[in-house]
Amino acid sequence: MNPDLLIVCATVPEISIFLSAHPPDSKRKTRTGLLVFSGKIHHKSYDLMITGPGVFNAAHALTVYLEQSSCALILQTGIAGVFRETGLNIGDVAIATEEHYIHTGIATDSFANDPLPFDLIDSFPLSREGRYPFNPNRIETCYERLFRELAKNGIRVAQGPFITVSTLTASFRQASFIYAAFSPVMEAMEGAACAHIAKLYKIPMVEIRAASNFVGERDKGKWDMDKAANHLAMVCAL
């Protein structure tokens, strides 16, 4: 039986607090060892898939799942780096209005690439730039609910474009260049890959992340993954 919601997350630690609060009824593994948990939230069924980090793992995992099952909605979630220019802090939550795999395209002298001369998804020209916009009405509905519920706990919520990268930004100087080119809210490593696969299978998707660090901060002692994971547990339970 297909679930109401498929939650997709890169690693177990990011989603462990949610799993502890909402224990799954079952757990299974795919042929390649991917974990899939199944359970219920407020009488609605969910599957939760651990993809592994990065675009290749995410694309593989979601394809494996959708070749065997389907779902009403995909929630791509996890921790992320937040850009300092947004005014958000560690622990704050954001929902993506679009995903952008910024390594797609023809390289130029700037951070922003030119579009490829062919579609990566047939009849979807934005795929030439690695861009995947999400349904604005669905995003606004999610944003309003998140804002209403998380504000009670002093958690700020934003919406805006996310970027997906294969090389994590390693300096604040580089982060500033990227922000000037794309004006993103958050940076992570899986969102655009999941958006690409969701588009192919015609499954609606939203992406919601909690900030564990500022983009460009290499000192992991200044990251707060526990705080981000706590806030993700609240998001996934709504």
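Where is R138 found? R138 sits in helix α3, residues 136–150. Before I go on, two housekeeping points. This is a predicted model, so to speak, with local features needing pLDDT of at least 70 and side-chain atom pairs counting only at pLDDT 80 or more, while totals for chains, interfaces and linings use all residues. Residues are numbered from 1 along each chain as its sequence is written, and side-chain values use heavy atoms, with hydrogens and water left out.

When I say helix or strand, I'm using DSSP runs numbered from the N terminus: H or I over at least four residues for helices, E over at least two for strands.

Okay, back to R138. With a relative accessible area of 30%, R138 is partly exposed; on this scale buried is under 20%, exposed is over 50%, and partly exposed is in between, with a 1.4 Å probe and protein chains only. What does R138 touch, not counting residues up to four places away in sequence? The list is L73, P204 and V206, where contact means heavy atoms within 4.5 Å. R138 and P204 are 66 residues apart along the chain, and their C-alpha atoms are separated by 9.2 Å.

Next up, helix α5, residues 191–201. It's largely enclosed by the rest of the structure, because 8 of its 11 residues are buried. Those buried residues are G191, A192, A193, C194, A195, H196, I197 and A198. K202 lies in the loop between α5 and β10 (205–214), and is exposed, at 73% relative accessibility. K202 also has a positive phi of about 60°, although it is not a glycine.

There's another residue like that to look at. S123 is not a glycine, yet has a positive phi of about 65°. You'll find S123 in the loop between β6 (93–101) and β7 (131–133), and at 62% relative accessibility S123 counts as exposed.

That brings us to β6. Is β6 mostly covered or mostly uncovered? Mostly covered: 7 of its 9 residues are buried. Two strands pair here if DSSP finds at least two bridges between them. β6 runs parallel to β8, residues 157–164, with 7 bridges, and E99 stands opposite F162 of β8. With β10, β6 pairs in the antiparallel sense over 3 bridges; there, A94 has R209 as its bridge partner. β7 is also antiparallel to β6, joined by 3 bridges, with H100 opposite R131.

Now a hairpin. Strands β2 (residues 26–29) and β3 (residues 35–41) run antiparallel and are joined by 4 bridges. K27 is opposite F37 of β3. The hairpin has 5 residues between the strands, and G33 takes a positive phi near 85°.

Last one, a helix pair. The axes of α1 (residues 12–21) and α6 (residues 225–237) come within 8 Å and cross at roughly 55°. Those axes are lines fitted to C-alpha atoms, for helices over the stretch in contact, with angles from 0 to 180 degrees between N-to-C directions. So α1 is oblique to α6: under 35 degrees is roughly parallel, over 145 roughly antiparallel, 65 to 115 roughly perpendicular, and the rest oblique. From α1, the contact uses P13, E14, I15, I17 and F18; α6 brings D226, A229, N230, L232, A233, C236 and A237.
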